[in-house]
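Please view the sequence and the structure before reading on.

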Amino acid sequence: MQGKKKVIGNMLFLTAVFALTVYGVFHGEDLGEMAAAFKRADIRWLIPGVILVLFFIWGESIIIWYMMRSFHIYLKKRICFLFSSVGFFFSCITPSATGGQPMQVYYMNKEKIPVPVAAVILMIVTITYKLVLVVTGLGILLFGQGFLHQYLEKILPVFYLGLLLNVFCVSFMTLLVFHPVIAEKIMLKGLEWLERLHLLKRRETRRTRLQDSMQVYRETAAYLKDHKGVIGAVIFITFVQRFALFAVTFMVYLAFGMSGTDITDVVLLQAVISVSVDMLPLPGGMGISESLFLTIFVPVFASLTLPAMVLSRGLGYYSQLLISALFTVVAQIYYTFREQKCQDALKRIEHV
């Protein structure tokens, strides 16, 4: 019951943010002019954009499938695709994408996958996912000063904040993985400090849960030490996966028949938005992503920046939301029917 209330709450929050975003973006704009711009867009370039979104979701499913095999768990790729879709759907509708992995663990449990194994795999997916953003952001910062001054002057504080938060997140998770004893001491001290300030009530169960959760990081560290080749492949697939999604905006650029800006600039600008908003407590970075697009893509799309933003976000985020929602429904139907068949089979055996 509590879980259902949380889902409903998240959906209401998502709807409210979406409504405010639509109002903020379209208020005072000439909708007729925008409609004319959409008619100019060549759908032959938008279809590859949807395919790139599908590839993005499929990429994570391949990572899950690949890592499962290293644990000698042999699942069909379509099942892993359902896990991936569930993760992306609940990440899209929850602040800071916090809902995706718990739901993935829930569905993985239906395949009798041990929770510690699922937790280790998803931990590595998270670390590599954010590592791509950190490497991209630091690469732009260290080697792309011309790019920074050409496109990002107006949003540098947001970019620096997003990069700093991602660096902190990856560093902290790496500390948890490779130095779990030190991390556990730090977290227990922090818990004691919060209890002394009466910000949290002292509960032994909370302390026990914290200590139990550290076991996941120990197991992750052991996995990383024993499967360096697997991790290298996962990092490579993650880079390809993430940049496929960033390239959706270039499909929009081509759909409008534009030229003059290199694909690298368009893709990196989209990557900058992801770096900037990934750690913010908004579902899908909604609101801030649109605002950043309308600011930094003006030199690229000029008068078509607003229609380009609508198409880019429509493909990159909202089509991802719809596709993952569709396959989340498929996952629920599949497991409901499978459990029902198992129950019917058991009843028949009992009657024999």
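Does lysine 110 count as buried or exposed? In this predicted model, lysine 110 has 18% relative accessibility and therefore counts as buried, since buried means under 20%. The points below describe salt bridges and a surface patch.

**Lysine 110 and glutamate 339**
- The side chain of lysine 110 meets that of glutamate 339 in a salt bridge, at 2.8 Å from N to O.
- Glutamate 339 belongs to helix α16 (residues 305–351), while lysine 110 is in the loop between α5 (100–109) and α6 (115–143), so the pair ties together parts that are 229 residues apart in sequence.
- Glutamate 339, at 36% relative accessibility, counts as partly exposed.

**Further salt bridges**
- The count of salt bridges comes to five.
- One of them joins the side chains of aspartate 278 and lysine 130, at 2.6 Å from N to O.
- Because aspartate 278 lies in the loop between α13 (263–277) and α14 (288–296) and lysine 130 lies in helix α6, this pair ties together parts that are 148 residues apart in sequence.
- Lysine 130 has 12% relative accessibility and counts as buried.
- Glutamate 290 and arginine 313 also meet through their side chains in a salt bridge, at 3.0 Å from N to O.
- Glutamate 290 is in helix α14 and arginine 313 in helix α16, so the pair ties together parts that are 23 residues apart in sequence.
- Glutamate 290 counts as buried at 3% relative accessibility, and arginine 313 counts as buried at 12%.

**Nonpolar surface patch**
- Ile43, Ile47 and Ile51 make a nonpolar surface patch of about 300 Å².
- Isoleucine 47 lies in helix α3 (residues 43–70) and, at 47% relative accessibility, counts as partly exposed.

Definitions and conventions
Residues numbered from 1 in each chain as written. Predicted model: local features only at pLDDT ≥ 70, side-chain atom pairs only at ≥ 80, totals over all residues. Heavy atoms only, no water. Patch = residues over 30% accessible without salt bridge, like charges linked within 9 Å, V, L, I, M, F, W, Y side chains within 5 Å. Areas by Shrake-Rupley, 256 points an atom, 1.4 Å probe, with all protein chains shown as cover. Salt bridge = Lys/Arg side-chain N within 4 Å of Asp/Glu carboxyl O. Helix = DSSP H or I, 4+ residues; strand = E, 2+ residues; numbered from the N terminus. Buried < 20%, exposed > 50% of the residue type's maximum accessible area, 1.4 Å probe, protein only.
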